Amino acid sequence: MNSQTIFITGASSGFGAACARIFARPGNRLILAARHADKLLQLQEELRGTAAMRIIPLDVRDRAAVQRAVNELPEQFSEVDVLINNAGLALGLESAHQASLDDWDTMVDTNIKGVMYCTRLILPGMVERNRGHIVNIGSTAGSWPYPGGNVYGGTKAFVTQFSRNLRCDLIGTKVRVTCIQPGMAETGFSRTRFKGDEEKAAQVYAGVEALTAADIADTVYWAVNRPAHVNINTLELMSIDQAWGPFAINRNET
Ligand code: NDP
Ligand code: 8X3
């Protein structure tokens, strides 16, 4: 396998950290971005001696900061081969009439705008080199509705359609685009969704053999390492313990 430069957003936890681990191979260069620099430093320490690594404390909602991060990449890291747009979150599970507008703003700013900024700022180099791969982390929530999924699911539907539209724009180049859509996976996701309530977060996975972060990283790695002429467009995966339910029916009293 050729050596690659891989830019991973949300590398401080869950899928992003697992992607860092799987791509940490000799010859590769990893750019690990997230807000929590302490966790990135820990990961860098864990992976010492594997790949070349650059950590970037970054809030993907901050367009100017994303621009700076890309502009200031040292030469060795400047030709990004793989961008993994993974940073993202769900906040709350309330119905639309009760949910927090601040939470909605944060999800839109992170899951939509963060993906837009990183893609728009890294993509020109890929097109210029006629080489690259953008992997967007969508979700089953972007295709399948559930109560309380309102804006989170909406942001992930954006990720799916943005990925497809990128493919249309990039036809004629060798730049690939993949949208990975995982179902429930046990990471920091539910802790964040329930704002630090560990008990509520644990209930989500109780008795379920959920997907793991390593499962997702393995899938990303597989998609990226297909032959250069093969583009995995969309890939949905779930735990064997998860499936769809029936439509909800409201039965009125007779
Ligand atoms: P985690 O909470 O474990 O990780 C989320 C990552 O996103 C963290 O590294 C966090 O880093 C980063 N992040 C959040 N906000 C920002 C921001 N503004 N700027 C930069 N980084 C940010 O959850 P997962 O690993 O599960 O989530 C990763 C992605 O996978 C998300 O997009 C999520 O929506 C998606 N997903 C998750 C599923 C699941 O069931 N777990 C299923 C389907 C999709 P930091 O806080 O340091 O900034
Ligand atoms: C995360 C999976 O089902 O909690 O995207 O929305 S779910």
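Reader: What makes a residue part of the shell around ligand 1, and which residues are closest?
Author: A residue counts when one of its heavy atoms lies within 4 Å of the ligand. Around ligand 1 there are 30 such residues, and the closest are Ser13, Arg35, His36, Tyr152 and Thr187. This is a predicted model, in which local features need pLDDT of at least 70 and side-chain atom pairs pLDDT 80 or more, while totals for chains, interfaces and linings use all residues. Residues are numbered from 1 along each chain as its sequence is written, chains are lettered from A and ligands numbered from 1 in the order written, and side-chain values use heavy atoms, without hydrogens or water.

Reader: What makes the approach of Val60 to ligand 1 a polar contact?
Author: The term needs a pair of N or O atoms within 3.5 Å (within protein, one must be able to donate a hydrogen and the other to accept it, and residues adjacent in sequence count only if both atoms are side-chain atoms). A polar backbone atom of Val60 is 3.0 Å from a nitrogen atom of ligand 1, so the pair meets the limit. A polar backbone atom of Ala185 lies 2.9 Å from an oxygen atom of the ligand. For Gly14, a backbone N or O atom is 3.5 Å from an oxygen atom of ligand 1.

Reader: How much of ligand 1 does the protein bury?
Author: On its own ligand 1 exposes 880 Å², and the protein buries 95% of that; the areas come from the Shrake-Rupley method with a 1.4 Å probe, and for residues only the protein chains shown count as cover. The elements that give two or more residues to this shell are α1 (14-23), α5 and α6. Helices (H or I, at least four residues) and strands (E, at least two) are DSSP runs, numbered from the N terminus.

Reader: How many residues of the ligand 1 shell are nonpolar, polar and charged?
Author: The shell has 12 nonpolar, 14 polar and four charged residues. Ala, Val, Leu, Ile, Met, Phe, Trp, Tyr, Cys and Pro count as nonpolar, Asp, Glu, Lys and Arg as charged, and the others, Gly among them, as polar.

Reader: Which residues surround ligand 2?
Author: They are Ser139, Ala141, Tyr146, Tyr152, Phe189 and Arg193. By class these divide into four nonpolar, one polar and one charged.

Reader: Which side chain atoms of Ser139, Tyr146 and Tyr152 approach an oxygen atom of ligand 2, and at what distance?
Author: In Ser139 an N or O atom of the side chain is 2.6 Å from an oxygen atom of ligand 2. The value is 2.6 Å for Tyr146 and 2.6 Å for Tyr152. Of the 240 Å² of accessible area that ligand 2 has on its own, the protein covers 82%.

Reader: Why is Arg193 said to lie over the face of Tyr152?
Author: The rule asks for NZ of Lys or CZ of Arg within 6 Å of the ring centre and within 35 degrees of the ring normal. Arg193 lies over the face of Tyr152, at 5.5 Å from the ring centre.

Reader: Why is the pair Phe158 and Phe162 called stacked?
Author: Rings of Phe, Tyr and Trp (its six-membered ring) pair if their centres lie within 6.5 Å; planes under 30 degrees apart count as stacked, over 60 as edge-to-face and the rest as tilted. By this rule the count comes to four aromatic pairs. In one of them, Phe158 and Phe162 have ring centres 5.1 Å apart and planes at 15°, so this pair is stacked. Both residues lie in helix α5 (residues 150-170), four residues apart, about one turn of the helix.

Reader: Why is Phe162 called buried, and what is Phe158 called?
Author: Buried means under 20% relative accessible area, exposed over 50%, and partly exposed in between (1.4 Å probe, protein chains only). Phe162 has 19%, so the residue is buried. Phe158 has 24%, and is therefore partly exposed.

Reader: Is Thr178 buried or exposed?
Author: Its relative accessibility is 0%, so Thr178 counts as buried. Thr178 is in strand β6 (residues 175-182), and a polar contact of 2.8 Å joins its side chain to that of His133.
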